Amino acid sequence: MIDSSSTTGHVVGINGNMVTVQIDEGSVVQNEVAFVLVGEMNLKSEVIKVLGQQCYMQVFEDTTGITVGMKVNFTGEMLAVGVAPGILGEIYDGLQNPLELLDNKDGFFLQRGQYQEPVNHEKTWEFTPLVKEGDKIRAGQWLGEVPEHHLSHKILAPLGMLGVAKVKKISSKGEYTVKDVIAELELEGKIIKVTMLQEWPVKKAIKAYKERIFPEELLTTKQRLIDTMFPVSRGGTACIPGPFGAGKTVLQHLLSKFSNADVVIVVACGERAGEVVELINEFPEMEDPQTGGSLMDRTIIICNTSSMPVAAREASVYTGITLAEYYRQMGLDVLVLADSTSRWAQAMREMSGRLEEIPGEEAFPAYLESRIAGLYERAGLVKLHNNEKGAVTLIGTVSPAGGNFEEPVTQATLKVVGAFLGLSRKRSDERKYPAIDPLDSYSLYIDQMADSLNEQMDPDWTKMVKKTKELLSTGAEVGKMMTVVGEEGVNVDDLTKYLKSELVDFTYLQQNAFDDVDCAADLSRQAKDFKLLYKVLSTPFDFDDKKEARKFFTDLQDKFYQKNYVETDNDKYSELTGEIEEIIVSGGGKIV
Amino acid sequence: MFKEYTRIKNIIGDIIELEADGVSYRELASITNTNGEVSLAQVIRIEGSKVSLQVFSGAKGLSNIAKVRFLGHPMRVGYSENLLGRIFTGSGVPMDGKPEIENAEDINIGGPSVNPVKRVVPHNFIETRIPMIDIFNPLVESQKLPIFSTPGEPYNELLSRIALQADADVVILGGIGLKFDEFIGFRRKFEEGGIMDRTVMFIHTAADPVVERLLVPDMALAVAEKFGIEGKRVLVLLSDLTAFADALKEISVAMEQVPSNLGYPGSLYSDLASRYEKAVDFDGAGSITILAVTTMPGGDVTHPVPDNTGYITEGQYYLNNGVINPFGSLSRLKQLVIGKVTRKDHGAVMNSMIRLYAKALESKKKISMGFEKTEEDEKFLKYADLFQERFMDLSVDVSLNDALDMGWKTMAECFSAKEVGIKKEILDKHWPEK
Ligand SMILES: Nc1ncnc2c1ncn2[C@@H]1O[C@H](COP(=O)(O)OP(=O)(O)O)[C@@H](O)[C@H]1O
Ligand SMILES: [Mg+2]
């Protein structure tokens, strides 16, 4: 890998993690990988600017000890990930080194200059061919498959292949390593040898599919506030901005556990290592309800936490999305969770500063917006050449400076995502979790998916959701008024609206992440619970006075609340449902 | 072997620039001024033969013909068991009148991160005997947690108290821009409390050169890391990291970097994170817990220093008006110990007492706005007073279990069991008999 290009150079300048290199011999490619030779160590770097015979490189490691004159070897290859069976369940750093293999003499620290293969080269996989000799095949089409945990991992024709190739040879069913040649393809008279392992440059989207299609199906997260109120579609995008401590990471962890995707890729980008450690410890012990296997078997963790080198942090997000695109090519549903995209943006800012580029707002580079848009654009639902569908859904957190959403990263993200799940400091202070602000947040997908939602949940589903949102904002207005004029200042009708909105908030929007039952509500439960709740909302109760109204809702609230803590197949659930219906009827409502 | 240069080209702020060869990035140099004063400097940028260094003791009074000698290695700190009980300056020179440590092992400061797979999930409760911490936002071994404070609050007293109470094998104090009196305060408390013989201090005072502040956290943490690997449970106290951030700002301005926010460099988050992330519970060795002070300029939590810190750390204790504010304070690791290591009723007491106190404050506000005082309000007002006196007052010094019992007693003095919103099975066990 280190000597695949003959280009060499030497260091002429060092500024933080940026080195300037004089090219002695050969040509240079923008974004190619090069290695700075420091004593016995090779430090991985990426060319980020070429200026005459000099180029600027960001070094993915600590640059202490680099000296002017040190030799640089260029690879001619862009920064790439290795894709093959064996990625699922791995914990990688931002450059796809398996952290488990980065043990060294005292084992505790990530020493620089150590790189490991992303997948085991010796392990064999049971390969079954899916094509025969003579078949015509395009980039990314399925040559065969191997079982990888619960999935059928498709072996893809080389992703960068241009044109239609002919299968010259295909291996028969059997055990192969990722380095064994399993097929030979002929393209324009040339033979291409195919192994299960291939490389793909992370900053280039994998587009070996027929077409992108409109996302119309729901990605279930089992979080009521998201699935019911602000749903995200498979192949859609969403952002979760919020001040520190508002619950972004806890929410991302919930999504990684409970979303019904085939593959979940968690990119821990520039945040705490401790949070990743919790996942690493929890996931192997947790069951994936869809497969019965462990949750880790469907997960890939990319971990480039805040004290790891900044340039590798910039790369980590691309590493994550590229692996997602790879699994999408197999017709799978992939969810990418990036926490936090602000740290990724800051990594770009640091580099831009060193390159002395003209800064934009808050010193972010002028290309911030296009980079953010470019990243989210890599999500999407696609139709493969064989008409199977695959999806990459991308949900990123944003950590706005001072908790103020008017800052560049939040604003640029809002321009491109389909759902905005904004966390509010006020709600998290009041311990209303998840602290997604129901009044400010939105999802464009609810209209886009209306048909499939109405079919799946209830013919009137999207209408009911819309009415509920209206009620929430009316309720909030009444609430605001009461803080000024007191309860005396509003009439019974208005108070009833307020109490209804509080009921929705307390018993439906809020969900206890740390309770075994309440932490996840599947869709059928959400349909049941929401429809029962909606009966309350749609009944025009006629209370004699405010005291009666308050009492009525206190009773209801308690029942709904308790119901959240019992499983739907528990007798207690139907008992509580019955009691709730009685209360509704006692207030003049009808149950059909 | 060490090359010496006698021609400094530029002096800008506390940065010097000169022509030199064979110098490596972050290499240390010693500078001997014409009056014989020696100070350390570190390479922070190399462009061809032009080398920029930050001078730790500052460039004030520095001659452009001072001697610059490159030392061939980055900044190090001497490590030895014998550091315990000793006090050093911000650049690692003894300031307790005792001799240099002999046979110390030189270790690089600012070393690499711990491999996340070599960390264990934090699980040990650290009892501080301060109810606002122990009950409401317990401290967990290996946690990194700042005290967000308006200037002038007794944050250093709070730090000393925690250091005295917490059961740690080694305490390391990094003073950054400390007032001399504050330093003496720490030393006296540590001596009286009998923990000086397991303490190491690195003290940079407000009178010392600004750039030297940059070294203190790294030296303290490098030493802590070494003790941690040796199996010790280390508590690191850093006061005040806002002063550290201000030093970063000065260097960045002198280097003409484009600031991101209020003059702070765009790398502020990473710079703070690389220090805080040294907090760790090693798989198979000791641990490092970091408690730091972040003073909030103008009491503003959205100021870049507290704001970036809040994103990095595992919670924060808000100190204002002489008390730890229950709202805004957060221990992100609390769920790892509450009810698991601590008593089963801990979670219920914590939640109910906070909720009741929030309501009590609403009652207070309502009354101050001239609304009528109801019977209900009376209860809450009584509760608010008791809560402040028995829990919030920083002079209260009780064990967690006593504090929890006190919590039950206080709730029972003000409310009926039905009013506190606690599950029946827990109430049956703990609700005090009248
Ligand atoms: N859904 C939730 N349920 C209960 N507590 C929560 C929830 N979300 C967040 N918290 C509390 O808030 C703390 C901070 O949440 P976190 O997700 O780490 O915030 P952020 O990533 O936004 O800084 C958590 O440690 C936890 O104590
Ligand atoms: Mg977070």
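Analyst: In this predicted model, chain B is divided into domain 1 (3–74), domain 2 (78–334) and domain 3 (346–430). The centres of domain 2 of chain B and domain 3 of chain B, taken over C-alpha atoms, are separated by 33 Å, and the two are in contact through 20 residues of domain 2 and 20 residues of domain 3. Confidence in chain B is given by a mean pLDDT of 93, with 99% of its residues reaching 70 or more, while the model as a whole scores ipTM 0.90 and pTM 0.94.

Two packed helices are described by the angle between their axes and the distance between the axes. Helix H4 of chain A (residues 310–328) and helix H5 of chain A (residues 341–354) pack at an angle of about 130°, and their axes are 8 Å apart. H4(A) and H5(A) are therefore oblique to each other, and H4(A) passes H5(A) in a left-handed crossing. To this contact H4(A) brings Val310(A), Arg313(A), Glu314(A), Val317(A) and Tyr318(A), whereas H5(A) brings Arg343(A), Trp344(A), Gln346(A), Ala347(A), Met348(A) and Glu350(A). Sorted by class, the contact of H4(A) with H5(A) has six nonpolar, one polar and four charged residues.

H5(A) also packs with helix H6 of chain A (residues 368–377), and here the axes come within 11 Å and cross at roughly 135°. That angle makes H5(A) oblique to H6(A), and the crossing of H5(A) and H6(A) is right-handed. On the H5(A) side the contact is made by Thr341(A), Trp344(A), Ala345(A) and Met348(A), and on the H6(A) side by Leu368(A), Arg371(A), Ile372(A), Leu375(A) and Tyr376(A). The residues of the contact of H5(A) with H6(A) divide into seven nonpolar, one polar and one charged.

Taken together, Trp344(A) and Met348(A) of H5(A) take part in the contact with H4(A) and also in the contact with H6(A).

How values were computed. Residues are numbered from 1 along each chain as its sequence is written. Chains are lettered from A and ligands numbered from 1 in the order in which they are written. This is a predicted model: local features need pLDDT of at least 70, side-chain atom pairs count only at pLDDT 80 or more; totals for chains, interfaces and linings use all residues. Side-chain values use heavy atoms; hydrogens and water are left out. Axes are lines fitted to C-alpha atoms, for helices over the stretch in contact, and angles run from 0 to 180 degrees between N-to-C directions. Helices (H or I, at least four residues) and strands (E, at least two) are DSSP runs, numbered from the N terminus. Angles under 35 degrees count as roughly parallel, over 145 as roughly antiparallel, 65 to 115 as roughly perpendicular and the rest as oblique. A crossing is left-handed if the near helix is turned anticlockwise from the far one by less than a right angle, and right-handed if clockwise. Contact means heavy atoms within 4.5 Å. Ala, Val, Leu, Ile, Met, Phe, Trp, Tyr, Cys and Pro count as nonpolar, Asp, Glu, Lys and Arg as charged, and the others, Gly among them, as polar. pLDDT is the predictor's confidence in each residue, from 0 to 100. Domain bounds come from an automatic or database domain assignment.
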